[in-house]
Amino acid sequence: MASGVKVLDEVTEAFNEIKLGHKWRYVTFRISDDMKEIITEGKGEKKDTPNEYETFLESLPADEPRYVVYDFHYQLADGGQRDDVIMISWCPDTTKVKKKMLHASSKDALVKKLQYGGKPFQATEVSDITKEVVMETLKKGKE
């Protein structure tokens, strides 16, 4: 179901900065206050600290939906290093129903506009997208 929410060009530009240039660790997007556009909300610098991903998870709003593109760095069992750009559709259970519905119905337009080839992670709570959960899912795709 399409929502009619427009994906701004700035969103595509920010996505390309992370996908092609690995310029940011993550970029967050949200639906504008007038509920007509998906806009870029913020960009996270690469810090390469041991708890970088966990710190990012703590920054997600408790009751507002977001779309996130994250440059996820992890290690394979054979010691190889990998970087995968993942997309997260964050929509906590505490989000108001109207915003939940708009967020869900706008996700496909965002994925299509960005030409994101993977399947976005769906998360209603942090435990849905812990580092271990994401790594396990990514490693399955590499085996």
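This is a predicted model: local features need pLDDT of at least 70, side-chain atom pairs count only at pLDDT 80 or more; totals for chains, interfaces and linings use all residues.
Let's start with a term: pLDDT is the predictor's confidence in each residue, on a scale from 0 to 100. This chain averages a pLDDT of 92, and 97% of its residues score at least 70. Residues are numbered from 1 along each chain as its sequence is written, and side-chain values use heavy atoms, leaving out hydrogens and water.

When I say helix or strand, I mean a DSSP run: H or I with at least four residues for helices, E with at least two for strands, numbered from the N terminus. Confidence is highest in strand 2 (residues 26–31), with a mean of 98, and lowest in helix 4 (residues 131–142), with a mean of 85.

Now, the inside. Buried means under 20% relative accessible area, exposed means over 50%, and partly exposed is in between, using a 1.4 Å probe and protein chains only. A nonpolar core is a set of buried Ala, Val, Leu, Ile, Met, Phe, Trp, Tyr and Cys residues joined through side-chain atoms within 4.5 Å. In soluble globular proteins, nonpolar side chains tend to be buried together. Here the largest such core has 40 residues, and those with the most contacts inside it are I38, Y53, F56, I86, I88 and I129. Strand 4 (residues 66–75) gives the largest share of this core, six residues.

Which residues does I129 touch? Contact means heavy atoms within 4.5 Å. Leaving aside residues up to four places away in sequence, I129 touches Y53, L57, L60, I88, W90, F121, A123 and V134.

Helix 1 (residues 9–19) gives us another face to look at. Its buried residues are V11, T12, A14, F15 and I18. They cover an arc of only 165° around the axis, which puts them on the same side of helix 1. D9 and E13 are exposed on the other side. What covers the buried residues of helix 1? The cover includes strand 1 (6–7), strand 2, strand 3, strand 4, strand 5 (81–90) and helix 3.

So let's visit helix 3 (residues 97–114). The expected span of a helix is 1.5 Å times one less than its number of residues. For the 18 residues of helix 3 that gives 26 Å, and the end C-alpha atoms are 26 Å apart, which agrees. Helix 3 also has a kink of about 30°, centred on S106. The bend at a residue is the angle between axes fitted to the seven residues ending there and the seven starting there. S106 is one of the buried residues of helix 3, and others include L102, H103 and L110.

Next, some backbone angles. Most residues other than glycine have a negative phi, and most peptide bonds are trans. Q115, which follows helix 3, has a positive phi, near 55°. M35 has a positive phi too, near 60°, and lies in the loop between strand 2 and strand 3 (37–44). With a relative accessible area of 29%, M35 is partly exposed. D48 has a phi near 50°, again positive, and sits in the loop between strand 3 and helix 2. Is D48 buried or exposed? At 60% relative accessibility, D48 counts as exposed.

Last stop: T28, in strand 2. T28 counts as buried, at 8% relative accessibility. Among the residues it touches, not counting those up to four places away in sequence, are I39, T40, Y67 and V68.

Definitions and conventions: The arc is that of the directions from the helix axis to the C-beta atoms.
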